[in-house]
Amino acid sequence: MTQQIEGRRRVRLNRDRVLQAAVSLADEAGIDELSMRRLGQELGVVPMALYKHVANKEELLDGMVEAIISEIDTAVGGADWKKAVKLRVLSARAVLQRHRWARQVLESRTNQTHAVLGYMDSFIAMFLAGGFSVDLTHHVMHAMGSRIWGFTQELFDDGPGGGAAVEVSPEVQAAVFEQMAARYPNIFQVATAASHDEGSVVGRGCDDQFEFEFALDLLLDGFERLHRQGWTSRQAKKQQRNEG
């Protein structure tokens with residue numbers, strides 16, 4: 001009976017199921033806990049059975065990236081380019097917030113898979129459909145960088161890997177503020193200028209979503225201005241040479 005059940009499990013096993021199980025395991029236990037052995041246990045198969053669907057762990061990780069890309073909303077039909085780009089970026093950000101391990105995996109990928117290239121191609125298409133020149137679009141993509149995936153490396157990173165928030169007493173917090181104000185007055189002034197969650201600069205940090213959208217809007221407005229001016233890199237470089 002056990003052999004019959006195991007046989008049915010193996011018949012139903014396919015690449016999509018393997019990838020979805022890997023995504024779920026990474027969501028629940030973290031990417032560091034993901035291994036072929038652990039994934040096999042989750043699926044009720046021996047690890048060797050997985051290699052029929054993914055050649056190795058690197059291919060598994062590539063497939064997991066493919067799976068999360070499929071969750072990102074496609075461009076909204078009829079929307080102007082700026083709205084379409086912003087909606088796509090914020091959708092990607094929401095996906096990465098659901099799958100906290102995804103940023104680490106995306107940053108570690110050295111292979112440009114079909115899924116990654118397809119996503120980048122469709123992202124470029126939104127600018128071209130908006131009337132952007134190929135030249136301007138090239139530089140726009142450089143400026144966007146990792147923002148097309150919904151994240152960016154912040155100057156003050158409170159995200160994953162940035163350290164856990166530490167609860168401190170008001171007295172200790174006041175002492176930290178005093179020392180920072182004396183040693184790094186400009187950083188202190190900027191860091192305390194905006195409101196922070198629960199009023200704690202040390203323990204909480206900035207509103208990451210607001211700061212991300214603020215920077216994204218600045219970029220999109222800048223792209224729009226250059227597009228309307230008919231900007232070209234050749235003209236910009238010529239101007240730089242003349243000014244130099």
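How many residues does helix α2 have, and how far does α2 reach from its first C-alpha to its last? Select residues 15–29: the helix has 15 residues and reaches 21 Å, close to the 21 Å expected at 1.5 Å a residue. Please note that the model is a predicted one.

Select Asn 14 together with Asp 16. Asn 14 caps the N-terminal end of α2, with a side-chain oxygen placed 3.2 Å from the backbone nitrogen of Asp 16. After α2 comes Gly 30, which has a positive phi, near 100 degrees.

Next, display the side chains of Val 18, Leu 19, Ala 21, Ala 22, Val 23, Leu 25 and Ala 26, which are buried. Against which helices do the buried residues of α2 pack? Their packing partners are α3 (36–43), α4 (47–50) and α5 (57–69).

**From α3 to α4**

Move to Val 46, found in the loop between α3 and α4. Val 46 has a relative accessible area of 40% and is therefore partly exposed.

Now select Pro 47, placed in helix α4. Its relative accessible area of 26% makes Pro 47 partly exposed. Leaving aside residues up to four places away in sequence, Pro 47 touches Met 36 and Arg 37. Pro 47 and Met 36 are 11 residues apart in sequence, while their C-alpha atoms are 5.7 Å apart in space.

**Salt bridges**

The structure holds 12 salt bridges. Begin with Lys 82 and Glu 224, whose side chains meet at 2.6 Å, N to O. Lys 82 belongs to helix α6 (residues 81–98) and Glu 224 to helix α12 (residues 208–229), so this pair ties together parts that are 142 residues apart in sequence.

Then select Glu 213 and Lys 86, which form a salt bridge with their closest N and O atoms 3.8 Å apart. Because Glu 213 lies in α12 and Lys 86 in α6, this pair ties together parts 127 residues apart in sequence. Glu 213 is partly exposed, at 23% relative accessibility, and Lys 86 is partly exposed at 22%.

Finally, select Arg 103 and Glu 107, joined by a salt bridge of 3.6 Å, N to O. These residues are 4 apart in helix α7 (residues 102–108), so about one helical turn separates them. Is Arg 103 buried or exposed? Arg 103 is buried, with a relative accessible area of 18%. To end the tour, select Lys 82, Asp 221, Glu 224 and Arg 228, which salt bridges with shared partners join into one network.

Key. Residues numbered from 1 in each chain as written. Predicted model: local features only at pLDDT ≥ 70, side-chain atom pairs only at ≥ 80, totals over all residues. Heavy atoms only, no water. Helix = DSSP H or I, 4+ residues; strand = E, 2+ residues; numbered from the N terminus. Expected span 1.5 Å × (residues − 1). Buried < 20%, exposed > 50% of the residue type's maximum accessible area, 1.4 Å probe, protein only. Contact = heavy atoms within 4.5 Å. Polar contact = N/O pair within 3.5 Å; in protein donor to acceptor, adjacent residues only side chain to side chain. Salt bridge = Lys/Arg side-chain N within 4 Å of Asp/Glu carboxyl O.
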